[in-house]
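Visitor: I would like to learn how to read features of a structure, one at a time. Can we work through an example together?

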Amino acid sequence: MPHEFDAGRPIYSQLCELMTQAIVSGEVAPGQRLPGVRELALQYGVNPNTAQRTMAELERQGLVYSERTAGRFVTTDDGLIAKVRKA
């Protein structure tokens with residue numbers, strides 16, 4: 001189901017916040033495979049480029065990592081997740 005985003009802020013940053021919240025709340029478990037870019041774009045009703053930028057930003061933050069040909073996964077670094085949760 002598409003999400004309603006605030007037009008005054010970049011959509012990718014709002015999507016990053018949503019995904020970060022899902023990770024720190026435990027809704028998405030450490031080590032869990034995340035949906036692909038196209039699936040994520042459809043799920044949130046955004047452009048695939050926006051979904052790609054979101055995943056790249058989460059990867060830059062260390063919350064997500066890529067495995068070649070297997071996809072992207074949530075970090076298993078509990079310390080990092082706890083640190084982000086506190087922030």
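Predicted model: local features only at pLDDT ≥ 70, side-chain atom pairs only at ≥ 80, totals over all residues.

Visitor: Where is R72 found?

Guide: R72 is found in strand β2, which covers residues 71-74.

Visitor: Does R72 count as buried or exposed?

Guide: Read the relative accessible area against the cut-off: under 20% means buried. R72 has 18% relative accessibility, so it counts as buried.

Visitor: Which side chain makes a polar contact with the side chain of R72?

Guide: The partner is the side chain of E59, at 2.8 Å. The pair also qualifies as a salt bridge, with 2.8 Å from N to O. R72 lies in strand β2 and E59 in helix α3, so the pair ties together parts that are 13 residues apart in sequence. E59 is partly exposed, at 30% relative accessibility.

Visitor: How many salt bridges does the structure hold?

Guide: For a salt bridge, look for a side-chain nitrogen of Lys or Arg within 4 Å of a carboxyl oxygen of Asp or Glu. The structure holds three.

Visitor: Which side chain does R60 meet in a salt bridge?

Guide: R60 meets E57, at 2.6 Å from N to O. Next, check the spacing in sequence. R60 and E57 are three residues apart in helix α3, residues 48-61, so about one helical turn separates them. R60 counts as exposed, because its relative accessibility is 61%.

Visitor: Which side chain does E17 meet in a salt bridge?

Guide: The side chain of E17 meets that of R9, with N to O at 2.6 Å. Check accessibility for each partner. E17 has a relative accessible area of 46% and is partly exposed. R9 is partly exposed too, at 33%.

Visitor: Now helix packing. At what angle do α2 and α3 pack?

Guide: Take the angle and the axis separation together. Helix α2, residues 37-44, packs with α3 at about 110 degrees, and their axes are 8 Å apart. That makes α2 roughly perpendicular to α3. The contact is made by V37, L40 and A41 of α2. From α3 come P48, A51, Q52 and M55.

Visitor: Is the crossing left-handed or right-handed?

Guide: α2 passes α3 in a right-handed crossing. Some names return here.

Visitor: Where is the place of N47?

Guide: N47 sits in the loop between α2 and α3. At 43% relative accessibility, N47 counts as partly exposed. N47 and I11 are 36 residues apart along the chain, while their C-alpha atoms are separated by 9.7 Å.

Visitor: And backbone angles? What is phi of T69 near?

Guide: Phi of T69 is near 65 degrees, a positive value in a residue other than glycine. Then place the residue. T69 is in the loop between β1, residues 64-67, and β2. T69 counts as exposed, because its relative accessibility is 85%.

Note on methods: Residues numbered from 1 in each chain as written. Heavy atoms only, no water. Buried < 20%, exposed > 50% of the residue type's maximum accessible area, 1.4 Å probe, protein only. Helix = DSSP H or I, 4+ residues; strand = E, 2+ residues; numbered from the N terminus. Polar contact = N/O pair within 3.5 Å; in protein donor to acceptor, adjacent residues only side chain to side chain. Axes fitted to C-alpha atoms, helices over the stretch in contact; angles between N-to-C directions. Parallel < 35°, antiparallel > 145°, perpendicular 65-115°, else oblique. Left-handed = near helix turned anticlockwise from the far one by under 90°. Contact = heavy atoms within 4.5 Å.
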